Amino acid sequence: MGCICNCFVGLLNCVLLTVGIGFVISGAYLNIKGSSDCEKVSTTPLIVMGGLLLILSLIGIMGTSCSSTLCMYIYLTLMFLLILGVIAFTIFVFMITNQAVGKVIADSEKVIEPKNPMDFSNWLANKVNKENNWKKIKSCLIDARLCTTDEYKLEFNFLVLVDQVPDIEVYNKSLHALQVACCKPPDVCGFTQKNELVWEVPKSGPSSKDKDCKKWSNDGDKMCFECDSCKVGVVENLKREWKALALINICLLAFLILIYMLGCCSFCC
């Protein structure tokens, strides 16, 4: 039984080793080839996670192949700590993505303090809403050409060809939610769209007192990037991505627990 467990642990650690190498290579590639700081933002987490998996898997392979009690003890201890870390991070992600953004973005100067000390539902919104953080996020959105991509312009041009005057509701549905939030003024403003990037303000002024109506600019580097609606869109987009990350973490957690159980079996035998 112990020999079988050793074989399985060694095999699974080889898989873990491959994943770790993949993470390190991906992080290094992004760090070298990334043209902006925004593209390099994920390099450190990838390299750190890849390095941890690399070291952990190598210790596990040494422990199983050399029948080293010390290596297996270190391996199981590190694996246990890693599992606890993944569990804690996954729970945290679910806690901060479980509820709506609420009114955290309603006032750009306001940070909402949760009534319940264990309520982290507004944590992500508060982080995005901080001035320094938002400057970095806005810079990334501009660098990514969110509002000036060929796909964004193509949607408008296609509707012009088909309908002559694009229907705003149809146009909005064809755009990514983040583009709707950051690349156009809110519909309540009553602006008239002239082309994919230019909106004309009525002579009588905006039809709404919404603060975002005054923040809109036809400048490609400004647009609605300072609008509260854009901040809400970014938060909602981050929540979707973090929820996907949480699901990946659950799969990783199941894999790590399997390796840990087999490792314990091998160590005890």
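A: Start with Gly190. The model is a predicted one. Leaving aside its neighbours within four places in sequence, Gly190 is in contact with Pro202 and Ser207. Gly190 sits in the loop between α8 (177-182) and β1 (192-193). Its C-alpha is 7.7 Å from that of Val201, and the two residues are eleven apart in sequence.

Cys189 is bonded to Cys213, with an S to S distance of 2.0 Å. The torsion about this S-S bond is -95°, and the link of Cys189 and Cys213 is left-handed.

Cys189 has a relative accessible area of 0%, so Cys189 is buried. Cys213 comes to 5% relative accessibility and therefore counts as buried too. The cut-off behind both calls is under 20%.

How many disulfides does the count come to? The count is three. A pair of cysteine sulfur atoms has to lie within 2.5 Å to qualify.

Next, the link of Cys182 and Cys230. Their sulfur atoms are 2.0 Å apart, and the two form a disulfide. The torsion about the S-S bond is about 90°, so this disulfide is right-handed. Cys182 is in helix α8 and Cys230 is in helix α10. The pair links distant parts of the chain, 48 residues apart. Cys182 and Cys230 are both buried.

Then the link of Cys224 and Cys227. A disulfide joins these two residues, at 1.8 Å from S to S. About the S-S bond the value is -95°, and the link of Cys224 and Cys227 is left-handed. Cys224 and Cys227 are both buried.

Cys71 is in no disulfide. Its nearest cysteine sulfur belongs to Cys66 and is 7.0 Å away. That distance is not within the 2.5 Å that a disulfide needs. Cys71 is buried, because its relative accessible area is 15% and the limit is under 20%. Cys14 gives another reading: at 38% relative accessible area, Cys14 is partly exposed.

Helix α10 leads on to a helix packing. Two packed helices are described by the angle between their axes and the distance between the axes. Helix α10 covers residues 228-268, and helix α3 covers residues 69-97. Their axes come within 9 Å and cross at roughly 155°. That makes α3 roughly antiparallel to α10, because angles over 145 degrees fall in that class. The crossing of α3 and α10 is left-handed. By class, the contact of α3 with α10 has 26 nonpolar residues, five polar and two charged.

Back to the links, in brief. Cys182 to Cys230 is right-handed. Cys189 to Cys213 is left-handed, and Cys224 to Cys227 is left-handed.

Notes. Residues numbered from 1 in each chain as written. Predicted model: local features only at pLDDT ≥ 70, side-chain atom pairs only at ≥ 80, totals over all residues. Heavy atoms only, no water. Helix = DSSP H or I, 4+ residues; strand = E, 2+ residues; numbered from the N terminus. Contact = heavy atoms within 4.5 Å. Axes fitted to C-alpha atoms, helices over the stretch in contact; angles between N-to-C directions. Parallel < 35°, antiparallel > 145°, perpendicular 65-115°, else oblique. Left-handed = near helix turned anticlockwise from the far one by under 90°. Nonpolar A, V, L, I, M, F, W, Y, C, P; charged D, E, K, R; others polar. Buried < 20%, exposed > 50% of the residue type's maximum accessible area, 1.4 Å probe, protein only.
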